[in-house]
Each structure stands twice: as structure tokens, then as C-alpha cells.
Amino acid sequence: MKAMIILNPRAHEGHKPQQRDAIRGEISERLKTALSLESVEWRETAFPGHSRTLAEEAAQQGFDYIFAGGGDGTINEVLNGIMRVYPKAMPVLGVLPFGTSNDFFAALKQAEAARTIDEQADLTLTFDVGHVFFDEIERYFCLTVGIGLVSWANEQYLEASQRFGRRFAHIPAAIKALLSYRFLPHVKISHDGHKPKKKRILALMINNSPVIAGGTALTPDAKINDGLFDVCIIKSVSWLRLLWLL
């Protein structure tokens, strides 16, 4: 039994390199004891998307556990790397919450707390995974996927964070998203096999977690392991109304 930890060194600005190095040994020993592991290997990411490649290689090499050391973005990349190999291999996905918001980890803890006494003896639990196709893009998700203003705002946030840092990127990202966003045309929406209906929307989010973006409760009844996805549709509004809401 062996595990790989894929660490995103940029996941949390509050952790200095020497602090991460100091806890590596402790984490490795705790995992070896809890999971009866023979070895724990660490890999650091060097560029966006690297976690996905490392996770795919680890799954192909027969690692029994693959841990994402970072935030929700790192977890998403590791998940996609594992799912590229599925069903030929299916290692256990683990999480070390080194990110800024850690929404997926919070959802895991909520699901863990809801387990019965008999279920608590198991160190692992199952969770729901979504599969998305969009033009030439194919991705898996375990937390959230969206279209519309929320998705566009996230793109602006990722761009602004490179200049202002993740802690201070929200305001410039929100301003740019508002000024540059173009409303979606009518979107066809179908669920559970029903006939598609056209809607003009501001945003649509399909969530596997009650909260996203560090605590925003768009789908408060969502559970990460109930076999369902919760959908939040935000209706289209006028520009004046949007400014008022913001």
C-alpha cells in the first residue's frame, strides 16, 4: 500500500515553504499509521494543470491513495487525473486542506459527521462525481460547475489574482466582470429526462456542496454523497437591478 501527496505550493499564501517542509514528516507518519502504508511520496506542482498529470501518472503506477494538498482547484485537477484512468484503476482520493476556502473539504466533513456509528469505522466514504462535455472540453467535477455570470466572474478572479493576490482580487474582478459580461441568450435546460425548456438566465450552478466560494450558500440542502446534484438558477435581471443587487 502506497500513497502520493500532490502539493500545490501556491495554494495558500499563508504557508511559507519552510512551514510546509516542517510538517511533511509528521503528515507522512500519521498517514502511514492510519492507513497501514508502506510509503508516502510527495510531488509539487509547477504549473496550472500539473496536478492532473501527476494524479494520472500516480493512478497508472498503482498508488492506492492520492492526496490533493491544496484548495478546491487542486482537488478538481487531481480528480480529473484519476478519472482519466478510471475504471482501469480507482485509487482513493484524499484531501489535505491547504487551500484558501476548502469548500470540498467542508462538504466531506459534513458528510462524515452525518454517518452512523457503524459507518464511522470506515476511513473512506463515497461521493458524487459529475461529468461535463462542452464543445471540445471534457471534465469531471465533485464540487460545482456553472455557466453565466458566476463562471465569467470566476475567470476574472483567476486573472486578477495573478496581479493582486487571492486575498485582494475579489473587488477588481467583480468590477471587471460586471463591465465586460454579456448576458446569455436563451439556454435549453433539461433535467431528469424531462423535455428541454428555454430560459434566459443570469447564471446557473450545479452543485454537489451546500456552499461554494468560501461559504456562499447557493444550494444549502446539497449533500456531497446523496446521489443528487442541486441546481441554482439565477434569473436574468436588468442592468439597474443587477447594480442594486451587487
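Student: Is Tyr65 buried or exposed in this predicted model?
Tutor: In this predicted model, the relative accessibility of Tyr65 comes to 12%. Because the cut-off for burial is a relative accessible area under 20%, Tyr65 counts as buried.

Student: How many aromatic pairs are there, and what kind of pair do Tyr65 and Phe67 form?
Tutor: The count comes to three aromatic pairs. In the one made by Tyr65 and Phe67, the ring centres lie 6.4 Å apart and the planes make an angle of 25°, while Phe67 has a relative accessible area of 8% and is buried. Planes under 30 degrees apart fall into one class, so the pair of Tyr65 and Phe67 is stacked.

Student: How many residues apart in sequence are the parts tied together by the pair of Phe141 and Phe229?
Tutor: The rings of Phe141 and Phe229 form a tilted pair, at 5.3 Å centre to centre and with 35° between the planes. Phe141 is buried at a relative accessible area of 6%, whereas Phe229 is partly exposed at 36%. Phe141 belongs to strand E6 (residues 137-141), and Phe229 to the loop between strand E10 (201-207) and strand E11 (230-235), so the parts that the pair ties together are separated in sequence by 88 residues.

Student: Which residue in E10 is the bridge partner of Val145?
Tutor: E7 and E10 run antiparallel and are joined by five bridges. In E10, the residue bridged to Val145 is Ile206.

Student: The backbone oxygen of which residue lies 2.9 Å from a polar atom of the side chain of Ser209?
Tutor: Ser209 is located in the loop between E10 and E11, and at 0% relative accessibility this residue counts as buried. Leaving aside residues up to four places away in sequence, Ser209 touches Asp103, Ala107, Leu143, Thr219 and Ala222. The backbone oxygen found 2.9 Å from a polar side-chain atom of Ser209 is that of Val211.

Definitions and conventions
Residues are numbered from 1 along each chain as its sequence is written. This is a predicted model: local features need pLDDT of at least 70, side-chain atom pairs count only at pLDDT 80 or more; totals for chains, interfaces and linings use all residues. Side-chain values use heavy atoms; hydrogens and water are left out. Rings of Phe, Tyr and Trp (its six-membered ring) pair if their centres lie within 6.5 Å; planes under 30 degrees apart count as stacked, over 60 as edge-to-face and the rest as tilted. Buried means under 20% relative accessible area, exposed over 50%, partly exposed in between (1.4 Å probe, protein chains only). Helices (H or I, at least four residues) and strands (E, at least two) are DSSP runs, numbered from the N terminus. Two strands pair if DSSP finds at least two bridges between them. A polar contact is a pair of N or O atoms within 3.5 Å; within protein, one must be able to donate a hydrogen and the other to accept it, and residues adjacent in sequence count only if both atoms are side-chain atoms. Contact means heavy atoms within 4.5 Å.
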